[in-house]
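This report is meant for a reader who is meeting the structure for the first time. It moves from strands and sheets to aromatic rings, and then to the chain as a whole.

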Amino acid sequence: MPGTETRGLSTAEARRVQAETGRNELPRVRQVPAWRRFAGQFTHFFALLLWGAAVLALVAGMPQLAVAVVAVVVVNGIFAFAQEERAAHAAARLRELLPTQVAVVRDGRTVRVDAAEIVPGDVVVLTAGDRLPADARFVETDTCTVDESMLTGESEPVPKTPGDDGFGGTFLANGDARAEVTATGARTRLAAIASLTAEVQPPPTPLQRELRRIVRILSAVALGLGVAFCLVSIAIGTPLRDAFLFAIGVAVAMIPEGLLPTVTLSLAMGAQRMAGRNALVRNLQAVETLGSTTFICTDKTGTLTQNRMNVVEVWTPEGGVGLDGEGYSPEGTAEGPPAALARAALTAWAGRAASRGRIHRHDAGRHPGGEGAGPAGSAVEGVGAEGGDPADWVAEGDPMEAALDAAAHRLAPYAAGAASGRDAGVGAGPTGATARERHGTPPALAEPAVARRYAFDPARRRESVVVGDELLVKGAPESVLARCRDRALAEQAHAAVVGMAARGLRVLAVARRDLAPGAPSTAPSTTPDELETGLELLGLVGLQDPPRDGVPGALRQAREAGIRVAMITGDHPATAAAIARQTGLALGEPVVIEGRDLPADEAALGELVDRDGVVVSRVSPEQKLAIARALQRRGHVLAMTGDGVNDGPALNEADIGVAMGASGTDVAREAADLVLLDDDFSTIIAAVEQGRATYTNIRRFLTYHLTDNVAELTPFVVWALSGGNVPLALGVLQVLALDIGTDLLPALALGAERPGKDVLRRPPERRHLLDGALLVRVFGVLGPVQAVFEMGAFAAVLWGGGWRWGQVPEPALVALASGAAFTTVVLAQMANAFGCRSATRPAWRLGWGDNRMLLWAVAAELVLLLGFLFPGPLAAALGHAPPPPAGLAVALAAVPAVLLADGIHKRVRHHRTGAGASGAGRAGRRSAVRERS
């Protein structure tokens with residue numbers, strides 16, 4: 001590199017290098033243009049079927065039908081596009097991960113330049129909170145730790161020393177540093193992962209596959225019926241041209257035009273309900289996919305846990321102390337013997353003094369204290385104020401050190417009862433003052449006057465500061481205890497460490513030693529290893545990232561719902577195992593697999609991780625992607641959670657990618673189908689519940705639509721079988737009026753049914769939307785009942801008007817009879833709508849007013865029926881007239897007949913299922929539960 005560690009580059013050198021390497025900008029992820037996304041709403045399988053129907057309608061000389069079908073496709077496409085665009089704009093862009101301005105050494109002095117102007121060889125100047133603008137190698141560090149969780153998944157900041165590498169997009173959690181840039185733009189690690197994310201193509205959703213299957217079936221049925229009726233028409237003497245046009249009309253009439261908007265609006269209603277439960281849907285298809293989920297791969301930090309370090313326990317030689325406080329709030333309580341409380345307060349104060357991370361109110365600006373804050377230092381702004389929301393307090397710097405700061409404030413009042421430090425067998429501090437004097441008036445804490453700081457070193461695993469005539473040390477227990485002079489106390493403390501670690505706590509040891517003022521030990525040449533000996537142990541601090549309150553219950557719900565859950569994290573295996581135990585994710589002792597031990601073979605990988613409660617730690621982005629593919633190969637519908645850039649490829653590959661909205665990166669949100677606004681695992685289960693309800697609702701209105709198709713098809717079948725001796729009861733335009741007129745609103749209302757009580761007490765649906773049970777109900781029960789009463793009303797009016805077999809009735813009489821058949825179908829479908837609310841319970845046991853939207857839809861359907869029957873021009877265009885009393889009586893009788901037939905069918909099925917459950921035991925009972933939704 002042309003730069004050096006001290007002077008960096010000159011402006012001229014930077015310009016020359018930039019001409020060779022280009023600007024420090026991430027390559028633009030190839031986005032699907034808006035016009036293509038818009039066009040996609042009109043070119044999927046179902047839309048293509050309807051476009052074909054419109055063309056056939058034009059060929060058959062029915063322009064009204066063609067226009068109506070086109071209107072359905074266009075309105076539905078615009079609505080679906082608007083829904084998905086609105087959700088997509090909730091996520092920001094990838095390039096916001098990089099800073100816009102950065103301090104850099106140019107021409108021997110520090111200046112701020114646009115981050116895009118950074119080039120390899122530049123020396124950037126960083127302080128706590130700064131984000132690295134590119135990949136770099138650290139050349140100078142001072143108590144420097146870097147939060148790399150967005151790239152690695154590791155929740156703890158990583159200490160950095162000169163010579164260590166850093167990556168663009170990560171940020172300094174603590175300390176100061178200088179780093180020489182080694183790669184920019186497309187050559188960075190961040191760009192490589194973003195490129196991998198862009199290359200992954202998400203698989204088709206279960207709903208997409210099911211809709212394609214339904215389209216194929218309906219297309220085959222419509223085509224087959226068209227051919228059959230064409231042949232029948234020719235056989236009874238109809239001219240070839242007329243027979244062909246008639247067959248086209250029949251085929252178009254058999255396509256349920258209202259099914260497409262009903263599916264779209266049902267998904268949109270599910271998305272709206274999910275948004276009300278803090279789950280933002282970016283892709284409407286994801287609503288149903290969640291309901292089909294069989295495996296959830298969740299990360300740990302922020303999803304299962306609160307992503308807030310908290311001191312919950314302090315062990316001291318005088319006894320243990322338990323702390324209770326929320327988040328980083330300085331307010332809290334502590335319990336323990338008085339002597340232990342005083343010793344714990346001193347331990348927390350010393351640990352805080354050896355740290356630079358602090359707490360502050362996010363609405364009160366940055367913490368004003370710190371080294372150089374003045375002779376007396378400054379108290380944390382707002383500490384001691386009554387009230388306030390604990391969530392207002394946030395960490396500045398290392399979250400672990402901020403937790404020590406919060407603990408010191410919570411314990412400060414208990415220091416007031418302590419004797420002088422030396423009376424308690426503990427160093428009194430720089431002035432020999434009592435704990436009360438050292439701390440200041442509780443609950444405020446003065447900032448210590450640090451004379452010298454020995455930064456954390458991964459080799460030493462300790463950090464220490466000189467405050468007055470004391471050395472204060474904090475670090476890993478095994479590192480600190482080995483340097484304590486009281487070996488018996490160190491052994492006792494080691495046993496306490498084992499117990500605290502078993503409870504899932506991260507443990508720090510805090511110690512001290514006296515320094516003689518002006519002694520050689522404090523000279524600048526003294527090394528920390530020379531100074532950190534003969535220590536006196538103050539205590540052990542136990543920290544945890546507490547599990548979210550609702551996670552254990554949500555995990556139980558997931559298992560009841562037949563969903564396996566695994567933890568996939570970049571974190572340390574011991575930390576992940578502890579959280580698995582605390583949350584109940586692990587069933588017994590956690591099965592922990594490290595990323596380095598994962599097999600390369602996809603089949604072996606799938607077999608290894610395809611188990612409930614498994615924990616996979618230290619995984620790379622490539623390994624997480626491989627896990628997703630391996631589980632999908634084993635037949636799972638996979639939901640994958642993530643918050644970092646490293647999660648992007650796996651989120652894109654999974655059937656349903658779930659990103660964190662509060663703490664996640666924009667890369668994760670862009671790759672995901674669902675964004676959790678509260679980062680809570682419980683929200684995923686709530687979304688699964690709504691997804692399953694949406695799947696069930698689609699089956700409900702699919703049953704409703706297809707039943708109507710049976711009634712619409714019957715007049716054509718009767719006409720064909722009679723050789724044309726029985727007039728057509730319904731025409732093609734009447735069928736269209738039923739499909740996208742009277743039937744649409746009740747179908748939409750069925751899509752608004754709320755989840756049943758048992759929706760999460762059964763495995764995910766594995767059956768097809770269009771399966772045997774649905775077809776039996778449609779073509780064996782509901783459809784035939786409607787068809788019998790429809791043709792009964794038609795025949796009653798014809799017969800009452802003097803028509804006999806083989807005669808050609810008067811057009812006016814046919815119009816009256818057709819109006820009776822039309823009315824029968826509408827009224828029967830009203831009853832059918834109430835029956836379709838459940839697959840097992842009759843309508844009168846569901847509560848007539850539970851779905852208010854359905855009541856309004858039925859009322860609107862009645863108004864539409866009157867509108868189709870009575871205005872003369874519209875009725876004449878449809879080819880019918882208001883039915884006479886005889887036809888109306890038969891039409892009204894269809895309502896109880898449909899409800900009664902539906903109830904009898906459900907009762908018979910219930911008895912069969914009950915017998916199966918009795919004979920097959922628990923498996924049968926689970927099957928019975930499955931049918932209650």
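Strand β23 (residues 638-642) and strand β24 run parallel and are joined by 4 bridges, where two strands count as paired if DSSP finds at least two bridges between them. Helices (H or I, at least four residues) and strands (E, at least two) are DSSP runs, numbered from the N terminus. The model is a predicted one, in which local features need pLDDT of at least 70 and side-chain atom pairs count only at pLDDT 80 or more, while totals for chains, interfaces and linings use all residues. Residues are numbered from 1 along each chain as its sequence is written, and side-chain values use heavy atoms, with hydrogens and water left out.

Within β24, Val658 is the bridge partner of Thr641, and Val658 also stands opposite Leu674 in β25. Strand β25 (residues 674-676) runs parallel to β24, and 3 bridges join them. Strand β24 (residues 656-660) is mostly covered, since 5 of its 5 residues are buried; buried means under 20% relative accessible area, exposed over 50%, and partly exposed in between (1.4 Å probe, protein chains only). In a regular strand the side chains alternate between the two faces of the sheet. In β24, Ile656, Val658 and Met660 point one way, whereas Gly657 and Ala659 point the other way, and all are buried.

Another part of the model holds an open sheet of 8 strands, in the order β12-β11-β10-β19-β18-β17-β16-β15, with antiparallel pairing. At its edges stand β12 (333-335) and β15 (450-457), each with a single partner strand, so one side of each is left without a neighbour in the sheet. Neighbouring strands of this sheet are turned by 20° against each other on average, direction ignored. Strands β18 (residues 506-514) and β19 (residues 536-544) pair in the antiparallel sense over 7 bridges, and Ala509 stands opposite Leu540 in β19. Helix α11 (residues 338-353) packs on the sheet, touching strands that include β10 (310-316) and β11 (319-324), and its direction makes about 80° with that of β19. For such angles, axes are lines fitted to C-alpha atoms, for helices over the stretch in contact, and the angles run from 0 to 180 degrees between N-to-C directions. Arg453 lies in strand β15 and is buried, with a relative accessible area of 16%.

How many aromatic pairs does a search of the whole structure find? The search finds 2, where rings of Phe, Tyr and Trp (its six-membered ring) pair if their centres lie within 6.5 Å, and planes under 30 degrees apart count as stacked, over 60 as edge-to-face and the rest as tilted.

| Pair | Centres apart | Angle of planes | Type |
|---|---|---|---|
| Phe38 and Phe42 | 4.9 Å | 70° | edge-to-face |
| Phe822 and Phe868 | 6.1 Å | 90° | edge-to-face |

The pair of Phe822 in helix α27 (residues 811-835) and Phe868 in helix α28 (residues 852-869) links distant parts of the chain, 46 residues apart. Phe822 is buried at a relative accessible area of 0%, and Phe868 counts as buried at 13%. Phe38 is partly exposed, at 32%, whereas Phe42 counts as buried at 13% relative accessibility.

As for the whole, the protein chain has 31 helices and 25 strands, and buried residues make up 56% of its 933 residues.

How values were computed. Contact means heavy atoms within 4.5 Å.
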